[in-house]
Amino acid sequence: MVTFSHDDAGTPESMWAGAGVGQLPELAAGSVPGNGERLIVVAAHPDDESLGAAGLIHTALHRGATVQVVICSAGEASHPHSPTYTPAQLAALRRHELDTALGLLREGAPDPGQLTWRHLDLPDGSLAAHAGALDDALASVVDGPADGTPGDAPTGRTVIAAPYRLDAHTDHDAVGTAAARLATRKHLGLLEFPIWFWHWGTPAHTEWRDWQSLQLDAPTRDAKRAALSAHRSQILPLSSAPGDEVLLSEAFQQHFLRPTETFRWTPPEPRDSTSAAQIFDDLYRRRPDPWDYLGSAYEHRKRVVTLASLPRPGYDFAIEAGCSIGVLTSALAERCSHVLGIDASQVALDAASTRVQAAENVELLRADLPAGWPQQIPGTVDLVVVSEIGYFLSRDEWRTLLDAVAGTLRPGGDLLLCHWLHPIEGWELDGDQVHEIARSLGWKRMVEHREDDFLLEVLRAPGGIGG
């Protein structure tokens, strides 16, 4: 779990610039709404919208989009030890600052009335405890008419923008996760904007390399700077008294004065096996080892735990579903007489082929699962490994794949499942759901290992010795 304080020195903007944050690819075409379309920006607190998405708001307005900003809390807990302001006074001050900031963003827009905002007035600092209220409120914004505009909500598409769901600020994470749930349920595009990630994260946290950027022209940069300056309670001390110190230091603010804004974009199309090959081929072309299998301490530890969790010292025939670039495949080859590695990405399999070329007992197959599950003679396989791919299938596809595994494993064979437990971008299932569905097979659980980051289970098919 990431812990940090706004008082920490944080990662300097020069380090991010040097790592190439300004050279990230531009946002996918159509990800920023335009005429007849709608952008909904969800902020945990007043100032989140200006820090992470003022440029997006300004750009969408000038493209003719309707923009709605939803502020979940008034930010009354920003200075809990202030001798100058009560929480109620801080809430009023921050609402006024938000009004000023958004008023500045709509100046010069073709139709300033296209930008509206509303407050949910949920308690600052405990939004995670109000997930139900968040879900209901955000759903009502999407389904109802655009506040302050005549007639119905725009008939064109809707895109949601919200804080990055792994920003490591409890309120940001809660709001980002709620927005992601809604986007998945309604099949909407989702733009996540990091805020505190730039402070506690470093370029070594490689997820940012898959994000995209919005280029800000000079008028947009000026509008964003003006909007940021309106949040005086956050960028300046409330007073010289202890407890009234500045919350957002000048060094922190530098992350938001770039000529770009950075977003994690999840397209609205529902994802399943039919889209996996293209998605992962593109990913592996951009980054040959996208999950850092070769260098990550997490991946090394997970691999060691996976191998140690196999109940038997050796297996005759193993199938690894989702073998990627073949790192785990190579290790399995030392425990199995024959290994069949399967992946949807031919780019990944080309790398795996090079890695396992010395292992004569390894075979590789490009296939979209579950449809491409090999027609192995039933009962000839005694181990199936499904590591971190179950959530790249739809719910129905995952059930179909489990049925295929059940028809392939010999009596008493083992199914090893291992999945990441954090949010999965743009897919229907998460790690816990993948394992919950697998347990519906009713097979004996031989191993269960849970950590903060992943869950590993070994389920044994009925019948056979020890089955």
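**Close-up 1. R264 and E192 pair up in a salt bridge, with their closest N and O atoms 3.6 Å apart.** As in every view here, what you're looking at is a predicted model. R264 sits in strand β7 (residues 260-266) and E192 in strand β5 (residues 189-193), so this contact ties together parts of the chain that are 72 residues apart in sequence. R264 comes out at 10% relative accessibility and therefore counts as buried. E192 counts as buried too, because its relative accessibility is 0%.

**Close-up 2. R439 reaches E457 through a salt bridge whose closest N and O atoms are 2.7 Å apart.** Here a helix meets a strand: R439 belongs to helix α15 (residues 431-439) and E457 to strand β14 (residues 454-460), so the pair ties together parts that are 18 residues apart in sequence. Have a look at how accessible the two partners are. R439, at 33% relative accessibility, counts as partly exposed, whereas E457, at 1%, counts as buried.

**Close-up 3. E448 and R445 make a salt bridge, and the closest N and O atoms are 3.6 Å apart.** Relative accessibility is 47% for E448, so this residue counts as partly exposed. R445 is at 39% and also counts as partly exposed. Keep the previous view in mind, though: R439, R445, E448 and E457 are linked in a network of salt bridges.

**Close-up 4. Y164 and W211 meet as an edge-to-face aromatic pair.** The structure has 19 aromatic pairs. In the one shown here, the ring centres lie 4.9 Å apart and the planes are at 70 degrees; anything over 60 counts as edge-to-face, so that's the label this pair gets. The pair links distant parts of the chain, 47 residues apart. Y164 comes from the loop between β4 (158-163) and α5 (170-186), while W211 comes from the loop between α6 (197-200) and β6 (212-215). Both Y164 and W211 are buried.

**Close-up 5. Y164 and W211 belong to an aromatic cluster, together with W16, F197, W198, W200 and W208.**

Conventions
Residues numbered from 1 in each chain as written. Predicted model: local features only at pLDDT ≥ 70, side-chain atom pairs only at ≥ 80, totals over all residues. Heavy atoms only, no water. Salt bridge = Lys/Arg side-chain N within 4 Å of Asp/Glu carboxyl O. Helix = DSSP H or I, 4+ residues; strand = E, 2+ residues; numbered from the N terminus. Buried < 20%, exposed > 50% of the residue type's maximum accessible area, 1.4 Å probe, protein only. Phe/Tyr/Trp six-rings, centres within 6.5 Å; stacked < 30°, edge-to-face > 60°.
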